[in-house]
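Please look over the model first.

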Amino acid sequence: MAANTRRIEIGDVVIGGGNPVAVQSMANKKTDDIKATVEQIRNLEEAGCELVRVAVPGREAVEALPKIKKEISIPLIADIHFHWEYAVGAIEAGVDKIRINPGNIGSENLVAKIIEKAKDFGTAIRIGVNSGSLHPKYSKEEDAPAALVKSCLEYVRFCEAMDFHNVVLSVKSSSVVDSIKAYRMLAEQTDYPLHLGITESGSLMSGTVKSAVGLGVLLADGVGDTIRVSLSADPVHEVQVAYQILQSLGLRFYGPEIISCPTCGRCDIDMIPVVEEIEKRLMSVKTPLKVAIMGCIVNGPGEAKGADIGIAGGKSEGILFKGGKAIRKVPAKDMVGELMGEIEKLIEDVKEKESQ
Ligand code: SF4
């Protein structure tokens, strides 16, 4: 469960207040290309994305927002930099939340216009401070995490002075260490819900590692109400990685968890392609299941016991396990098909139980 923060409604998704940590992503198509953006958001929804953000860099993007919103099922968040009038336009267009960094909107008067509009429409605002755009008061501060937090709290005070509390906060940095320090500091000083992310974290591989470390440490401490894994990759991967992080910490269960060994000299079958193929085929499955794929019988039966379904390699064959018990041997060449057949039966059983 998320930390005991204030409860904020973003469309029909509630974050904070002990609700499950929500998974976000961001579309990377041109927002005014409505067809492409909607198609991408639907793919994200299919992958389990619960909140989606789109960039609003121009008037055309503002105008596209209501059309996009009509075509999707998850809350829509507009990401605005520099232009207060786009933020006001996005709120009027009916988005569920906007993300701004007040530091790059301009004068306090302009930020106030956005807040007034958000109050009128009941729209949440994420105050997203990044290390590259601090409050001018703290731009020379040498302690980078402290500068992020002080900037963010300065803007929070501004919102509160206007009696606006529908706020989510983020203090992102591309440094994992600075992000952890900043979020920990922020969590001690506020009870507004926190959106966690490591900004510009990199490719599928490096971004996954940085996000898993940064977000994982914070989430394990009970800090964070919603997360976005930023990757220079198809955003669907952001959602998949986010769930893997939450699943590893026992915070969310979404789709199958694959437990597989690294293989070693005891393995007599070509195991790694089996793991890759099973992972690929389970990509769109949402039923939470534990699937163990082990190279030999040393750890295979032990791991399989804790899994719903599993396979352990033998000499040119695999031993299938279900509910902790060996059920049959299958030739190595049939392992993927046989394991998938059993997984599909299990999924059907789960669905049948759920429908009763
Ligand atoms: S399960 Fe067997 S093959 Fe896999 S790493 Fe352990 S000993 Fe090696």
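**Domains and sheet of a predicted model**

The centres of domain 1 and domain 2, taken over C-alpha atoms, lie 38 Å apart. The model is predicted: local features need pLDDT of at least 70, side-chain atom pairs count only at pLDDT 80 or more, and totals for chains, interfaces and linings use all residues. Residues are numbered from 1 along each chain as its sequence is written, and side-chain values use heavy atoms, with hydrogens and water left out.

Domains
- Domain 1 spans 8–248 and domain 2 spans 257–355, with bounds from an automatic or database domain assignment.

- An open sheet of 8 strands runs in the order 8-7-6-5-4-3-10-9, with parallel pairing.
- Its edge strands, strand 8 (167–172) and strand 9 (195–196), each pair on one side only.
- Strands (E, at least two residues) and helices (H or I, at least four) are DSSP runs numbered from the N terminus; two strands pair if DSSP finds at least two bridges between them.
- Strand 3 (residues 22–26) pairs with strand 4 (residues 51–55) in the parallel sense over 3 bridges, and Gln24 stands opposite Leu51 in strand 4.

Helices on the sheet
- Helix 2 (residues 59–71) packs on the sheet and touches strand 4 and strand 5 (76–80).
- Contact means heavy atoms within 4.5 Å.
- Helix 6 (residues 176–189) also packs on the sheet, touching strand 8 and strand 9.

Gly314
- Gly314 sits in the loop between strand 13 (309–313) and strand 14 (317–322).
- Leaving aside neighbours within four places in sequence, Gly314 is in contact with Asp268 and Ile269.
- The C-alpha atoms of Gly314 and Arg266, 48 residues apart along the chain, are separated by 9.4 Å.

Terms used
Axes fitted to C-alpha atoms, helices over the stretch in contact; angles between N-to-C directions.
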